[in-house]
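Good morning, and thank you for the time. I would like to walk you through one structure, beginning with a pocket and ending with charged pairs.

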Amino acid sequence: MKEKDRRSKKQWKTYLKGHWQLYAMLVAPLIVLVVFSYAPMYGIILAFKKYQVSLGIWKSPWAENHGLNNFIRFFNNYNFKECLRNTLVLSIYSLLVSMPCAILLALGLNYVGNYRFKKTVQMVTYCPYFISTIVFVGIINMMFDNRMGVLGSFLHNKFGINVLGSPEIFPSLYVWTGVWQGVGFGAIIYIAALAGVDMQQHEAAIIDGATLLQRIRYVDIPAILPTAIIMLILNMGSVLNIGYEKVLAMQNQNNMAVSEVITTYSYKVSLVSTFPDYGYSTAIGLFQSLVGLVLILVTNKIADKVTGDGFI
Amino acid sequence: MKKKKITQDKVVYFFNYVFLTLMLLIVLYPLIYIVSCSFSSGNALVSGKVKFLPVEPTLQSYKAVFEYRAIWVGYKNSIIYTVLGTLLSVALTLLAAYPLSREDLRGGKVFMALFLFTMMFSGGLIPTYLLVKNLGLVNTMWAVILPGSVSAYNVIVARTFFRQNIPQELLEAAKVDGCSDFRFFMSIVIPLSMPIVAVLALWVAVGLWNSYFNPMIYLNSENRYTLQLILRRIILMSQVNLSSSNIDPARIAENQYLSEMLKYATIIISSLPLMLIYPFVQKYFVKGVMIGSVKG
């Protein structure tokens, strides 16, 4: 036993002698990871506390109701239902629209013979991806302004629609402008998947008399399905997390009833509020993280069962 | 039968071209519109006369932007944060990814799990904020560039690239010649990995240049503001303070819509750097997405 111990210790020593530099490289990134990703996890106990700045995280007293008071307050708050509904509407609507659009664009580009035209479409559709959220929302506001904006004034004068002022339109505005900005970039991954399709399959299908639409249906779609499923799983994890950038920037007094999502709400009760409620906001964040984790694992499991394409 | 098939395909091809041309126009129009607006007169803007081309062309709005000091302070800060943040993030990512790509690293699975877990679970807004605050980083550049500098996703992409592109034989040959891991990494791996370095640098740089939430919560003095924070004030909150800028007061009085015009020109000036470089760098973006899509 002792002999074995000594030998494995010696083995490790010789191993480290040859490989210590690999571990040395890992030190700096690991420190940053531990400090900025893992250390905040310690702060999660705030969710179960009544935070007092003067006492700090550890010494603050536990919240009422066995420490669960922050959660109870959130679930009972009249804002909770509204925020949850808004969040789900925006993220599911956007998931349902943006993925098919990206796939459609990728399929369209896949069947363009003219190389120049194809490259032009690709390059132009990537372009909006490089515009910052602030500028992008600024452009939306300018175009849909019902007095000055070119689309807004048209819709206002012809149909009496006030795009920026009507809460009913907000989800569609959010989602379709999102498509405008992201469809070209979202298509890249499907273009890559389509490029990997074996040409022989297409040739065989042509010989068998398949039409173009049939080839898309029976050759291309199955080829991009695994990619689509992975994208779906990745997106599922962030279903509750939308909002820090674009929704927050798009909010105005008119659309608040439909644009207040969980993230913006938790930001407002903590960092914006004159009486910041850090414990409450942390509890909301923890709720989001946990739901996200569960959703990723569940979708992954289902995908694995159905198609064998789970990836974790 | 055969004839029917051919005509159907032709129709589908035709509609495909129509569809893509429409996409092209839908994406292009708002961009052209904003550019045209930035060259139009304040009167034309406010009365909604601009539809496609500039109306009553003028360079007034650009003149105002060039004289608006806050924008250039933001510009300078954004450039500094983006350059330093990108260097830092790329260096850390490569340093993490290379050892993790080596099959002979013992405990590699544990380290990898440590990175992967952060993709699925995080401390959240407030715990991160309090940490940054307790470290004394609030209102410094570090609050903007440090917290997101090691991204698990980027590490995975770089690791996949190393696995596919650095042949095992090369390492063995170098080892025989007595080359250390450090030296192999610096003088062989990095030079062979320029495509992935470009991909990572672009992702990080675009992210830093365009983000506004982190700078917004961490920076509180105006001389440290990034360009996006200044833009947020001008474009979204319409807080244009013309009197504190270097713009000639006579010109402000003369043109009552100057603050409205300023918005459009600001958009153009602030988006210009990325718009100018993206045609040349987009292929790297595409490459990065493709490497990332390989199951790693």
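Let me begin with a term: a pocket, on a 1 Å grid over the protein atoms alone, is an open set of points with protein on both sides within 12 Å along at least five of seven lines, and its lining residues have an atom within 4 Å of a point. Please keep in mind throughout that this is a predicted model.

With that term in hand, consider the second largest pocket, which holds about 680 Å³ of space. Its lining comprises 35 residues. Which of them lie nearest the centre of the pocket? They are A:Asn141, A:Gln251 and A:Asn252 from chain A, together with B:Ile235 and B:Leu236 from chain B.

Turning to secondary structure, at least two lining residues come from each of helix 6 (133-144), helix 8 (170-195) and helix 11 (246-250) of chain A, and likewise from each of helix 13 (227-236) and helix 15 (258-293) of chain B. Helix 6 of chain A provides the largest share of this lining, with 4 residues. By residue class, the lining of the second largest pocket has 17 nonpolar, 13 polar and 5 charged members.

I turn now to the interface. In chain A, 94 residues are in contact with 94 residues of chain B. The two chains bury about 8,800 Å² between them, and carbon and sulfur atoms account for 77% of that area. On the side of chain A that touches chain B, the most residues are given by helix 1 (residues 2-42) of chain A, namely 23. That side of chain A consists of 68 nonpolar, 23 polar and 3 charged residues.

How many residue pairs are in polar contact between chain A and chain B? The count is 21, with both residues at pLDDT 80 or more. Salt bridges across this interface number 0.

Over all chains, however, the whole structure contains 9 salt bridges. One joins B:Arg102 to B:Asp181, with 3.0 Å between the closest N and O atoms. This pair links distant parts of chain B, 79 residues apart: B:Arg102 sits in the loop between helix 4 (69-101) and helix 5 (108-120), whereas B:Asp181 belongs to helix 10 (residues 181-192).

Terms used. Residues are numbered from 1 along each chain as its sequence is written. Chains are lettered from A and ligands numbered from 1 in the order in which they are written. This is a predicted model: local features need pLDDT of at least 70, side-chain atom pairs count only at pLDDT 80 or more; totals for chains, interfaces and linings use all residues. Side-chain values use heavy atoms; hydrogens and water are left out. Contact means heavy atoms within 4.5 Å. Buried area is the accessible area (1.4 Å probe) that two parts lose on being put together, summed over both. A salt bridge is a side-chain nitrogen of Lys or Arg within 4 Å of a carboxyl oxygen of Asp or Glu. A polar contact is a pair of N or O atoms within 3.5 Å; within protein, one must be able to donate a hydrogen and the other to accept it, and residues adjacent in sequence count only if both atoms are side-chain atoms. Ala, Val, Leu, Ile, Met, Phe, Trp, Tyr, Cys and Pro count as nonpolar, Asp, Glu, Lys and Arg as charged, and the others, Gly among them, as polar. On a 1 Å grid over the protein atoms alone, a cavity is a set of points where a 1.4 Å probe fits but cannot get out, and a pocket is an open set with protein on both sides within 12 Å along at least five of seven lines; lining residues have an atom within 4 Å of a point. Grid points are joined across faces, edges and corners, and a volume is the space filled by probe spheres set on the points.
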